[in-house]
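Subject: Structure handover

Hello,

Here is the structure for your files. My notes follow below it.

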Amino acid sequence: MTENVRLRRQIALTVFGISFLAWILMLTGHHSHAHETADSIRTLVAMSLASETLPAWFIMIVAMMAPTLISPLQHVWERSFRRRRARAIGLFALGYVSVWMLAGAIILLVKSAWSVFLSDSPLIALMGFLFAIIWQCSPVKQSCLNRNHEHSGLRAFGWAADADALRFGMNHGLWCIGSCWVLMTLPMLLTQGHFAAMGLVTFLMFSESLDRPNLPRWRLRGPRKLFAIVKEQGRTIFGQRVTSF
Amino acid sequence: MANYTRSNAWNKGGTFANDDLLWYAKGVGIMQSRALNDPNSWWFFAAIHGEKISFTSGYPGWGFIPPVPIVPTSPLPPESDREIYWNQCQHRSWFFLPWHRGYLIALEMQVREAIIGLGGPATWALPYWDYLGPGDEYRIPPAFVQQKLPDGSANPLYVTARYGPRSDGNIFVSIPPVSSVSMSNDIYTGSNLNTPWPGFGGPRTEFWHSGGLSGNLEENPHNHVHVDVGGSSPDGRIGGLMSNPDLAALDPIFYLHHCNIDRMWAVWNADGNANPTSSSWLAGPAGMGERKFIMPKPGAVPWVYTPADVNSLDTLDYIYESATVQVTAIRRTFSKRMKQLGVAMPEGVPMAIVEDIHNTSELVGAHDGALRIDSSGVRASVKLDNQVRNKMVSTLVTASVINVPDRVYLQLENVRGTRDANKLNIYVNGIAAGCVPLFGMHQASLKDGEHGGSGLMLQVEITDIIDTLHMENALDSDSLDVRIIPDRSIPKDSEISVGRISIYREGRM
């Protein structure tokens, strides 16, 4: 069974809640390693050693990527036996986060190496920004976005069910990395305004996750759908006519 | 009083003695004479539903369609027009019915304009093909299979790639499995005692797009008729136009088929069944940040509409000649089910629950692993989870008017393949469970298609079979035996795959 709207909304509320908490952690550092994590995030964006910044990377991933996972989480939930649902969701999340952590380690190591040879400069940020725009418009990016919409069959029993949930999480994570790695890296290139940039990137990535698959080709992509949703919902809430005949 | 009356295409034997058909043919001919990039052309309108113009690796690319008609693939309209108008069709969604209603109105305007230009009647309206009607009406009206009009000119209603259910050019609708059973539903979206999931009009679709199930009317008769009429060529090399959503609207019979679907919706409403009243439905997908419903009126004037605008025939300027749908199949009523389960039905208990009671469902069992279906079909053991099966059985044992027993569905997940012109007959423990058409499978299997390559999800309700097995004490088994048999041979290079067969219960948790 599928298309259970109530379930989808519950999942959406949960992932938004988790994302919100991760954002609070990032912004205030109020958790068990508060000062450490807050420092780590600053270090992360300042391109420090990966070993010190991976926990911060993890929180970043949770904060920025969780809202994009509503649809695959619903898929896992509905395709699993009731008593296995929590376990399947956990394995999906483990697979998803694992590949992002691996990607994070690579990105951070590259950045660390880079920072040895190149000092922070607006030029680097500008180059990164230009590259991000090119990647954002590329057919490769669209292909990765499309692949995120593929929800394959999950086996239901025993270790096979566990393996499939984990595999689905890893696959989904890989295609997410393909579509989002540049956007995720971009805030780190900035010398200031990191959190604002991360917020914008989160907004953009969430909007992209709502878009339908499209033919891979060069095109300008942006948060069109999320803007449209906000606009149309605003009209509905404020009682205006939604469309004209 | 409405200006336009949509009449039965089988009037006057469905031949060109029926003026509605003769003028339709002439109007279609005018539209076909226009270029692909003209929003008033037949080809542009077909592309509004769906197109495969840039698909260059063979059929179903438009460039590979055998004439007649000779389908153009150029000149393309500007990209902005293509993005606004083309590939709009709404399937597997609660917007299926309202989008197609507006589409019919727009096409009708275009054809009427052409007819008036030829000196025809200003009140011309689309006829409908009531394939569930009496006598020979299950056959395509004869006017569509003649190669010439009465004046000896080519018949624009004739199409080569229309092969029928036996691939022999004999075009008819197979009854059964085609039926009017969805007319007994009494809820548009959801499920209740009289309505299996996802409801008469289709599943609610929100911000998150995913390939879901067809609504009950969309599934049967709509999807079935598409596959029956289109069929596949005698050598099995290609499917008929109607079999594929991205080619279907090139065939003039498409609009008569959808006219009948629209009529069935109107009859369903006239019988006292309500459409959704939520703003999410009334505003259409545009209210969720998706594309607007938009059609070119004659003169390429854009017409933007929403479900609210086409919600009721009373607000539109047409009526149907017949407001009845022949009953060809009867769903087992709740009362009958309870009697079969041995539950005494007290007098005076209201049996009509018209609100959606589908709140939750649960996986009962599954066949682990993908299956390939070739011409001989496939057999699979669908393992049941003991705990959930016992829960399901307990609802049958304790069934009462208050404790409504479970409903049970068999689902085929991630059904992928290249050939839409097939139906799959499904048997559970040797009992026929249903037949599912594969309309839309090719598109749903494309990696860059709307479903991201996930394939189709198909469903048949097997509550009757589960009840029977329960009454025969045969439900204590660890598995169900499921056989899937295609209704026609599948070429070697066109195998169908099923990601998983699963059984779901819907009811008290």
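Which residue forms a salt bridge with B:Lys423? The partner is B:Asp228, with the closest N and O atoms 2.9 Å apart. A salt bridge here is a side-chain nitrogen of Lys or Arg within 4 Å of a carboxyl oxygen of Asp or Glu.

Some ground rules. This is a predicted model, where local features need pLDDT of at least 70, side-chain atom pairs count only at pLDDT 80 or more, and totals for chains, interfaces and linings use all residues. Residues are numbered from 1 along each chain as its sequence is written, chains are lettered from A and ligands numbered from 1 in the order in which they are written, and side-chain values use heavy atoms, with hydrogens and water left out.

Chain B next. It has domain 1 (4-320) and domain 2 (355-506), with bounds from an automatic or database domain assignment. Their centres, taken over C-alpha atoms, lie 29 Å apart. The area buried between them is about 2,800 Å², 57% of it from carbon and sulfur atoms. That is accessible area (1.4 Å probe) lost on putting the two parts together, summed over both. In domain 1, B:Arg92, B:Trp197 and B:Val227 lose the most area to domain 2, together 19% of what that side buries. The rule finds 1 salt bridge across this interface.

Chain A has 10 helices and 0 strands. These are DSSP runs: helices are H or I, at least four residues, and strands are E, at least two.

Best wishes
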